[in-house]
Amino acid sequence: MLNPDQIVYLNGEFLALADARVSVLDRGFIYGDGVYEVIPVYGRQPFRMPHHLRRLQYSLDGIRLANPHTEGEWETLVRELVGKQPFSDQAVYLQITRGVAKRDHAFPPGVPPTIFMMSNPFPFPAREQIENGVAVVTAEDNRWHRCDLKTISLLGNVLMRQLAVDHNAVETVLFRDDRLTEASASNVLIVKHGGVVAPPKDHLMLPGITYDAALEIARAVGLPVDVRPITRREAMSADEMWLSSSTREVLAVTRIDGAPFGDGKPGPVFRAVWKAFQERKPHPSDVAAQATIR
Ligand code: PDD
């Protein structure tokens, strides 16, 4: 539901959502020419903000768009936006486009970027999803070859996500030429023989901040971690499969393509890493929204 009074940020101003206006000639609208970030915020404390701002710089460099702000300026803006919301657990969305110009594919010279930020209530995964795991479907990854950039051109991801929804699943897990890449809006990790295996960060997947957090946490709790290419066969026969993202945190996959996965329950390695993740993230305000796990 849209709240017209929600305070958002647009090009230097904090204003009500209903008053935030962008030209139809904005290159974000015309070409999907821009990048974005989603930063989780618990109890008004951003989680891993420097990591998100570093990835933002990487995405901007990748599309050859100058960063309009220093890291310090971004931090100040994000915290100001967070402070203006009436709820404490938030997901900050920020996007930068190549600005407003006459339609022409080539970059417009001397045009200021469009900078937009909003912050929504943190969409905690449902207790049921944490305790019982989630369903996914699989598909061939037909997106472009720069999936390492967090661009707003998300049509490939949108179509894949809808495929999941069409099949009462939460995600579509993607394989490119038999290799596991990621899912439509999350990374994918597997468990083999008690250790975590993750696909290497290359140009075919987003370098997830939660993927990094999950691997760090796995190592910290003493689990073996192996980062290497994963075939479809290996993924489909893994002991466990997890999704990771800033808004889903880590979730266990318990159904794939309509059939139970593994023994159909979140596995022991998932439960250990999920618990350690909950202990390490900033403390959320809405503890009622926080599921526990047996
Ligand atoms: N999506 N891969 C894709 C394609 C994603 O869109 C995302 C995140 C991830 C996980 O990255 P991170 O752990 O840094 O959130 C992986 C965000 C949440 C979104 O588009 O809403």
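Biologist: By class, how many nonpolar, polar and charged residues does the lining of the second largest pocket have?

Modeller: The lining of that pocket has seven nonpolar, five polar and two charged residues (Ala, Val, Leu, Ile, Met, Phe, Trp, Tyr, Cys and Pro count as nonpolar, Asp, Glu, Lys and Arg as charged, the others, Gly among them, as polar). This is a predicted model, in which local features need pLDDT of at least 70 and side-chain atom pairs pLDDT 80 or more, while totals for chains, interfaces and linings use all residues. Residues are numbered from 1 along each chain as its sequence is written, and side-chain values use heavy atoms, with hydrogens and water left out.

Biologist: What is the volume of the largest pocket, and which residues lie nearest its centre?

Modeller: The largest pocket has a volume of about 910 Å³, and of its 41 lining residues Tyr-36, Val-38, Lys-150, Ser-184 and Ala-185 lie nearest the centre. Its lining divides into 19 nonpolar, 15 polar and seven charged residues.

Biologist: How many salt bridges are there, and is Glu-171 buried or exposed?

Modeller: A salt bridge is a side-chain nitrogen of Lys or Arg within 4 Å of a carboxyl oxygen of Asp or Glu, and by this rule the count comes to 14. Glu-171 forms one with Arg-248, their closest N and O atoms being 3.2 Å apart, and this pair links parts of the chain that are 77 residues apart. Glu-171 counts as buried because its relative accessibility is 0% (buried means under 20% relative accessible area, exposed over 50%, partly exposed in between, with a 1.4 Å probe and protein chains only), and Arg-248, at 14%, counts as buried too.

Biologist: How far apart are the closest N and O atoms of Arg-27 and Asp-33?

Modeller: They are 2.9 Å apart, and both Arg-27 and Asp-33 are buried. Elsewhere, Asp-141, Arg-143, Arg-176 and Glu-182 are linked in a network of salt bridges.

Methods:
On a 1 Å grid over the protein atoms alone, a cavity is a set of points where a 1.4 Å probe fits but cannot get out, and a pocket is an open set with protein on both sides within 12 Å along at least five of seven lines; lining residues have an atom within 4 Å of a point. Grid points are joined across faces, edges and corners, and a volume is the space filled by probe spheres set on the points. Helices (H or I, at least four residues) and strands (E, at least two) are DSSP runs, numbered from the N terminus.
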